[in-house]
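Hi everyone, thanks for coming.

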Amino acid sequence: MAISAYPFDNQDTTEIQYSDLFRELQDSGVADSISGSGFQVSGDPGGMNAFVQPGFAIVRGHAVSSTAIESVPIAPAGTAQRIDRVILRLDPVANSIGLVVLQGVPNATAPALTQTATGVFEESLGVVTVGANVGSIAPDKVKDDRRFVGSRVRAWSTDTRPTGPRKSQLGLNVTTGRWEYYTGSGWADLIPATVDNSTKWNGYSLTVSSTTPSGTPTTDRIWVQPVG
């Protein structure tokens, strides 16, 4: 059985080997918070274009960076509506990752992506509905279709929390002994120390209270009284 290992000093590492290694470390997607603008696609109210914001992304173990807003042309649809995709396309033969519009067919769903293990790999950024006989792409005709790279699960103290975390960053706070995540504006416990006094379970209101809950009992409520 042939065994290979890499990378080491004085050893060439191929593009395929590098990609195989890096895709095990990080998923394909945009390196941004889910609410961020990285590689976000928007419409052109004044013409037949889609605008793509600057960003950084991982595409099957390869990196791509854009530092300016890019404009990609959208072909007119004619007399029938069409759905296109704006994508990042990795082409290992051409040694490139670029913005491409996958043009759909009239009155059909968005075109499928090509995602091979060693050849072309396409990562969707946005889905554009091109109306019949229109001369512009309205903002509400663009659907965000980005996927985002995963956030590493880590451990920290309250004093050593990550700086500049992305929304959904998850980790164990050893100071509090609790799992917590970043909401986009602050840190919150994954499982709060105290929970709101009721929630819904299969349509039933589940109430946890040490005293009899206020209000008239109803048929859709379950009351749990902790034992002291």
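Here is a question to start: about how far along the helix are Asp 20 and Arg 23 separated? They are separated by about one helical turn, because they sit 3 residues apart in helix H1, which covers residues 15-25. When I say helix or strand, I mean DSSP runs numbered from the N terminus, with helices (H or I) having at least four residues and strands (E) at least two.

Before we go on, a quick word on the model: it is predicted, so local features need pLDDT of at least 70 and side-chain atom pairs count only at pLDDT 80 or more, while totals for chains, interfaces and linings use all residues. Residues are numbered from 1 along each chain as its sequence is written, and side-chain values use heavy atoms, with hydrogens and water left out.

Back to our pair. Side chains of opposite charge can pair when their charged atoms come close. Asp 20 and Arg 23 form a salt bridge, and their closest N and O atoms are 3.3 Å apart. By salt bridge I mean a side-chain nitrogen of Lys or Arg within 4 Å of a carboxyl oxygen of Asp or Glu. Both partners are partly exposed: Asp 20 has a relative accessible area of 32%, and Arg 23 has 25%. For that scale, buried is under 20% relative accessible area, exposed is over 50%, and partly exposed is in between, using a 1.4 Å probe and protein chains only.

The structure holds 7 salt bridges, so let me show you two others. Glu 122 forms one with Arg 89, with the closest N and O atoms 2.9 Å apart. This pair links distant parts of the chain: Glu 122 is in strand E9 (residues 121-130) and Arg 89 is in strand E7 (residues 82-91), 33 residues apart. Glu 122 is buried at 2%, whereas Arg 89 is partly exposed at 27%. Next comes Asp 144 with Arg 146, whose closest N and O atoms are 2.8 Å apart. Here Asp 144 is partly exposed at 38%, while Arg 146 is buried at 8%.

Now for an arginine with another story. You'll find Arg 60 in the loop between strand E4 (55-59) and strand E5 (62-66). The side chain of Arg 60 reaches the backbone oxygen of Gly 119 at 2.7 Å. Leaving aside neighbours within four places in sequence, Arg 60 is in contact (heavy atoms within 4.5 Å) with several residues, including Arg 23, Thr 118 and Phe 121.

Let's also visit Gln 26, in the loop between H1 and strand E1 (29-30). Gln 26 is buried, at 19%. Apart from neighbours within four places in sequence, Gln 26 is in contact with Ile 58, Val 149 and Gly 150.

My last stop is Asp 189, in strand E14. Asp 189 is partly exposed, at 27%. Not counting residues up to four places away in sequence, Asp 189 touches Arg 178, Trp 179, Glu 180 and Tyr 181. The C-alpha atoms of Asp 189 and Asn 173 are separated by 9.3 Å, with the two residues 16 apart along the chain.

How values were computed: Polar contact = N/O pair within 3.5 Å; in protein donor to acceptor, adjacent residues only side chain to side chain.
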